[in-house]
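User: Please take a close look at one part of this model, the place where its two chains meet. I would like a connected account that starts there and then follows the neighbouring features.

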Amino acid sequence: MTRRRNVLPRVLLVPAGIAVALFSLPIVALIARAPWAELGSILTTGDTRRAVGLSLITSLVTTGIALVLGVPLALMLARTRLPGRRIILAVCTLSMVLPPVVAGVALLSVLGRRAPIGRLLDDWFGVSIPFTGAAVVIAQLFVAMPFLVITLESALGAADRGPEETARALGARPWRVLATVTLPSVRSALVAGTVLTWARAIGEFGATITFAGNLPGVTRTLPTETYLTLQNDPDRALMLAVIQVAVCLGVLVALRRRWTPAITGGRP
Amino acid sequence: MRWIRQPVVGSIVITMLAFVTPGCGSDTQRLNVFAAASLGPVMADVEQEFEAANPEVDVVVNLAGSSTLAAQIVAGADAAVFASANVAQMDVVRDGLGLGAATVFATNALVIVVAPGNPLGIAGADDLARPDVVVALAAPEVPAGDYALQMLGRAGVEVAPSTLELDVRAVVTRVALGDADAGIAYLTDVVGRADVAAVPVPDDQQVLVEYPVLAIDPSTGGPFVEMLTSEIGRAILRDAGFGTP
């Protein structure tokens with residue numbers, strides 16, 4: 001193996017190091033402060049299990065729906081001459097910059113029981129969205145799906161379109177081009193966008209509490225459980241935060257094993 | 001993450017204020033009043049009255065949740081007066097700083113919050129158990145939720161709430177927006193609001209909600225506490241819906 005020449009100015013180590021400290025120190029402090037002796041009892045309580053279970057289920061459902069809706073949206077935005085596509089892209093990613101609580105209020109303004117669509121659902125089907133698991137998923141979708149759309153759209157925009165056109169010219173049907181040429185060419189962006197969306201969904205708090213509310217086993221996700229616990233049992237809250245970090249790291253590591261070849265193109 | 005962040009933010013803000021506000025002149029004395037968030041409108045009025053009577057004093061009111069304020073004061077924040085929304089957080093400060101007894105200067109009562117005109121005809125706690133009534137309560141982890149559970153216990157009613165909100169204001173918002181039919185909140189949360197109505201809770205189900213105040217620094221804070229507990233302060237409190245002992 002040949003030694004590679006260093007191509008970067010060394011001084012960049014300083015800001016890079018500060019960045020690493022910014023991310024790592026709070027997590028290290030969290031882990032150091034957490035009452036590990038109570039881990040067993042905290043993990044086995046019904047409240048913790050319900051919250052972890054609800055967070056996993058809702059965030060995975062959200063990720064699935066985000067793929068079904070978000071991939072077509074990104075394809076439409078990147079591969080068609082849709083009028084106003086820039087505006088559509090801006091609107092569809094606006095929720096990323098909204099304070100989550102405002103996102104929750106916005107959802108209530110459409111789907112609340114007295115809001116335009118919410119009222120119709122209530123009148124016609126007797127269905128009320130707030131305070132349900134569906135509301136948790138909708139809140140997560142609203143704030144998390146843009147991560148998939150924006151990641152995929154920019155990768156599609158940067159990808160070479162030659163192979164697609166060639167495949168089409170050689171007679172491949174659109175579905176086949178999509179499945180065998182277009183999507184494989186942006187596989188790493190698809191994976192990264194999916195993971196980002198899931199991570200944002202499982203950490204969602206503000207929009208969920210505002211739109212969906214808080215009820216154990218129905219709408220109380222792990223972030224809400226942690227926030228409430230902070231009011232009167234900070235130690236347990238810290239442990240819950242560590243559990244959240246562990247769950248997310250666990251899923252990411254599992255995914256990495258599965259997807260590393262896809263992301264790095266076979267490099268270890 | 002309010003618990004972790006706010007003491008830090010609060011102390012930064014206080015430090016900055018300490019540099020900024022002495023612009024009023026070196027003969028102006030600063031008086032820091034730490035008050036529970038629900039006392040905001042009351043404290044603004046008392047501040048005005050106090051500064052009118054004591055032009056040499058500049059009152060600065062720091063509003064936050066009582067537990068946050070108590071933590072800041074115990075950690076050494078420069079508070080001359082602490083007005084808490086519950087006795088427990090006042091005890092945190094008294095125990096932490098070794099101070100004497102506090103004075104209860106205001107009381108609050110629970111009410112059942114309903115839509116204007118009370119379309120579902122909710123007459124009392126019993127109706128909160130009706131299957132057609134969507135109920136929002138504060139979570140038992142916050143004081144208002146704890147009080148609500150005590151009240152329902154006294155009424156002997158089992159309620160299945162649709163949501164347990166993180167603070168009592170959110171309960172009122174749920175009813176105001178119409179996503180909940182009823183909730184339990186403080187009387188002072190609904191006084192003067194047109195978008196919700198209140199159904200009173202009978203005395204035998206009512207819960208005693210007390211607001212204690214203490215001059216942490218008796219020489220500077222004492223006069224402010226005196227005004228708060230004087231007839232001037234009591235009139236302001238009553239206008240806002242509080243009871244005065």
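How many residue pairs are in polar contact between chain B and chain A, both at pLDDT 80 or more?

Analyst: The count between chain B and chain A is seven residue pairs in polar contact, with both residues at pLDDT 80 or more; a polar contact here is a pair of N or O atoms within 3.5 Å, where within protein one must be able to donate a hydrogen and the other to accept it, and residues adjacent in sequence count only if both atoms are side-chain atoms. This is a predicted model, in which local features need pLDDT of at least 70 and side-chain atom pairs count only at pLDDT 80 or more, while totals for chains, interfaces and linings use all residues. Residues are numbered from 1 along each chain as its sequence is written, chains are lettered from A and ligands numbered from 1 in the order in which they are written, and side-chain values use heavy atoms, with hydrogens and water left out.

On the side of chain B that touches chain A, helix H1 (2-20), strand S7 (163-165) and helix H6 (168-177) of chain B each supply at least two residues, helices (H or I, at least four residues) and strands (E, at least two) being DSSP runs numbered from the N terminus. The largest share of that side, four residues, comes from H6(B). By type, the residues of the side of chain B that touches chain A are 13 nonpolar, three polar and six charged; Ala, Val, Leu, Ile, Met, Phe, Trp, Tyr, Cys and Pro count as nonpolar, Asp, Glu, Lys and Arg as charged, and the others, Gly among them, as polar.

In terms of contact (heavy atoms within 4.5 Å), 22 residues of chain B meet 25 residues of chain A. The size of an interface is often given as the accessible area lost when the parts come together. Between chain B and chain A the buried area is about 2100 Å², of which carbon and sulfur atoms give 58%; buried area is the accessible area (1.4 Å probe) that two parts lose on being put together, summed over both.

Across this interface the rule finds one salt bridge, defined as a side-chain nitrogen of Lys or Arg within 4 Å of a carboxyl oxygen of Asp or Glu. Arg113(A) forms a salt bridge with Asp181(B), and the closest N and O atoms are 2.5 Å apart. Both Arg113(A) and Asp181(B) are buried, where buried means under 20% relative accessible area, exposed over 50%, and partly exposed in between (1.4 Å probe, protein chains only).

Leaving aside its neighbours within four places in sequence, Pro216(A) is in contact with Arg50(A) and Leu164(B). The C-alpha atoms of Pro216(A) and Arg50(A) are separated by 7.0 Å, although the two are 166 residues apart along the chain. Pro216(A) counts as partly exposed because its relative accessibility is 34%.

Arg50(A) in turn forms a salt bridge with Asp47(A), with the closest N and O atoms 3.0 Å apart. Both residues lie in helix H3 (residues 46-79) of chain A, three residues apart, about one turn of the helix. Arg50(A) is partly exposed at 41% relative accessibility, and Asp47(A) is partly exposed at 33%.

Within chain A, another salt bridge joins Arg85(A) to Glu153(A), the closest N and O atoms being 2.9 Å apart. Arg85(A) lies in helix H4 (residues 85-93) and Glu153(A) in helix H7 of chain A, so the pair ties together parts that are 68 residues apart in sequence. Arg85(A) is partly exposed, with a relative accessible area of 23%, whereas Glu153(A) is buried at 11%.

Helix H7 of chain A also holds Gln140(A), which is buried, with a relative accessible area of 2%. The side chain of Gln140(A) makes a polar contact with the side chain of Thr58(A) at 3.3 Å. Leaving aside neighbours within four places in sequence, the contacts of Gln140(A) include Ser59(A), Thr62(A) and Glu204(A).

In the loop between helix H6 (116-125) and helix H7 (133-158) of chain A lies Phe131(A), which has a positive phi of about 70° although it is not a glycine. Phe131(A) is buried, with a relative accessible area of 10%.
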